[in-house]
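Thanks for making the time this morning. I would like to take you through one structure, going from a pair of rings out to the whole chain.

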Amino acid sequence: MNPATLAVVGAGPLAAGLVERIAASAPELWPAGRPLRLRLVDPHPPGAGRVWRHDQSPLLRMNSMAEDVTVFTDASSTVEGPVRPGPSLAEWAAAPRDFPPYRPPRDPAVAEELRTLAPTGFATRRAQGAYLEWAFRRAVAALPPHVTVTVHRTTATALTGPADGPQRVHLADGSAPLEADAVVLAQGHLASVPEPGRQRLAAFARRHRLRYVPPEFSAESDLSVLRPGEPVLLRGFGLASADLTVLLTQGRGGRFTRSGEELVYVPSGREPVLHIGSRRGVPYHAKPGYRLRGERPPLPRYFGPRETGALAARVARTGVRLDLRRDVWPLMAKEIGYGYYHELFHAHPERTALSWPDFLAAYDGLGVHGPSLAALVATAVPDPADRLDLAHLDRPLAGRTFSGPGAFRAHLHRYIAADLARRADPGHSADLGAFLALLSVHGQLPGLVERGVLTAESVARQVDGWWQGFFNHVASGPPGFRLRELLALSRAGVVHFLGAGMEVTPDPEAGVFLGSSASVPGHTVAATALVEAYQPRPTVRYTADPLLAALHRDGRLSEELLTDPGPGRAGAGTPAYRTGLVRTAPEDQRLLDPRTGGPHPRRVALGAPTTGRALAAFARPRTDAPAFRRTDAVARQLLRTLRTLTEPADAPRAGLRPRPSPRPSGV
């Protein structure tokens with residue numbers, strides 16, 4: 001039998017998930033006894049990859065509870081291939097010997113952490129890496145004997161080969177290129193070279209002997225350039241900001257103690273002084289530290305396949321694409337509200353004035369906007385603190401100004417303390433109902449994007465911009481203890497808060513960076529260092545990945561350029577939006593080749609840098625994770641394709657079967 005070879009560039013969680021799905025479907029789709037060789041290329045440990053590898057600070061933690069992390073399909077999964085359940089991180093940590101192939105962690109500190117990890121605890125990234133490395137070994141062990149895996153611990157530098165012939169993956173270690181029948185690009189989150197704006201800031205810093213730290217993976221940032229006591233502008237208030245703050249405080253020898261009920265930070269004297277600001281001016285909301293008290297809301301209800309299908313049909317019928325905020329957000333908001341009020345009414349009925357059936361019957365018939373819904377909620381939920389306010393969640397400082405930094409500091413302390421109290425109190429478990437609905441909505445949106453339902457502007461500015469920012473702010477925040485530490489750092493004078501609408505201005509006369517915000521008019525901070533505290537957005541024009549950069553340079557892949565159909569599409573008057581993402585076919589994630597205008601028959605690309613949009617490589621159990629559905633579909637199609645490509649020469653050959661894509665596109 002003719003053997004087949006699949007090369008996978010990347011061996012992190014995304015690639016490991018692909019191997020697991022190949023193992024699940026191979027008995028059905030791959031001929032028994034025919035050799036299939038999987039060749040994975042990654043300089044980092046297989047399974048853990050770059051982000052979750054052991055070689056990083058033990059201070060860095062996950063922002064999900066251990067019981068909420070899984071890499072396995074379960075009974076909720078609507079995948080075409082077989083469901084292969086497996087343990088969550090918490091279940092695996094509690095009894096790792098029960099889940100072969102068991103191998104003790106090399107680091108005793110990680111072994112001890114796993115032994116004591118509570119289901120509601122937040123593991124270190126190194127502990128999560130141990131779980132992911134085990135999951136990779138399990139996936140490999142589950143493969144049929146004629147399907148083998150080889151991991152090449154090096155970097156892929158180029159991809160060559162004709163569309164109708166073998167592909168060659170070139171390697172940085174100088175060894176012979178890997179020859180494969182098909183290739184999957186699964187590099188995950190990538191580093192980038194500085195874009196023009198960041199180049200100008202870096203050049204300004206060099207001229208004036210300042211420090212500039214660009215956006216990058218926090219564990220890899222060179223923070224040694226920041227001096228003790230130096231005033232530093234930290235631009236960003238999300239997870240990267242939390243990571244950088246801990247590395248610059250505890251990571252430099254500071255420690256936390258308690259004085260009664262209050263957390264106190266004891267500086268080491270080696271910390272810089274951090275001035276933090278962002279667009280919203282507040283940190284991401286803390287992750288809830290409790291479980292649902294009522295029964296799980298049956299999601300989706302208002303924004304699922306039926307509703308997204310109806311929106312797609314509307315666009316097909318009228319030819320008019322939709323605006324996310326005007327046409328789709330009402331359904332999304334109603335779904336989030338449903339998750340919230342389902343938990344409030346079922347878990348805390350004493351704080352409601354209507355029965356759940358009566359409320360739901362009225363809620364079903366109302367839109368999100370207008371006085372009718374507000375009147376229903378006011379009648380049914382007497383305490384305003386129990387009502388969901390999405391606008392305030394989105395922009396909590398909108399329209400507010402403060403007389404000075406002291407007044408703003410006092411306000412932000414109260415805001416953070418209230419958020420911590422709410423996220424630690426099971427009496428507010430309705431917030432977790434909203435969180436689950438947010439996850440459901442987040443999983444439905446990629447389908448709308450891929451089907452071309454939304455305008456180009458909506459995809460570029462609202463889906464990739466506003467919505468992703470809102471989702472991260474509400475649903476992807478740090479553990480609560482990070483915000484308690486932030487308050488202690490502020491009381492110690494190590495951290496200061498700038499506010500919302502943060503602006504950074506290079507001042508060539510003074511030779512400093514100036515930081516200001518809309519929250520405290522007239523207040524400016526002069527700093528000798530600027531740290532970009534956020535992850536760089538995937539941008540193929542500025543990627544640091546050598547393989548993607550070479551393909552882009554050679555015209556073998558293109559950046560997504562969104563336009564809308566209609567008069568002027570080919571020229572004057574039609575807006576175009578660059579997303580920075582690598583264009584892939586929505587139905588099967590094949591790489592789109594700008595030279596032919598069609599999908600490449602032997603190349604697939606997955607994950608954050610692609611128009612498939614970022615989907616987490618692991619997920620919350622029992623949520624029918626979209627990432628698992630996509631990985632399963634790609635794995636099954638790859639098996640079918642490889643089978644066809646390696647059949648005898650007299651048999652008909654074909655690549656992945658193309659289907660038309662209606663989404664906004666262009667080159």
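Let me begin with a term: a residue is called buried under 20% relative accessible area, exposed over 50%, and partly exposed in between, with a 1.4 Å probe and protein chains only. By that rule Phe-471 counts as buried, since its relative accessibility is 8%, and Trp-467 is buried as well, with a relative accessible area of 1%.

Please keep in mind that this is a predicted model, in which local features need pLDDT of at least 70 and side-chain atom pairs count only at pLDDT 80 or more, while totals for chains, interfaces and linings use all residues. Residues are numbered from 1 along each chain as its sequence is written, and side-chain values use heavy atoms, with hydrogens and water left out.

Across the whole structure the search finds 27 aromatic pairs, that is, rings of Phe, Tyr and Trp (its six-membered ring) whose centres lie within 6.5 Å, with planes under 30 degrees apart called stacked, over 60 edge-to-face and the rest tilted. The rings of Trp-467 and Phe-471 form a tilted pair, because their planes stand at 40°, with the centres 6.0 Å apart. Elsewhere, ring pairs join Tyr-302, Tyr-338, Tyr-340, Tyr-341, Phe-345, Trp-356, Phe-359 and Tyr-363 into a cluster.

Turning to the chain as a whole, 56% of the 667 residues of the protein chain count as buried. Where contact means heavy atoms within 4.5 Å, residues 24 or more positions apart account for 75% of the contacts in the protein chain with a separation of 6 or more.
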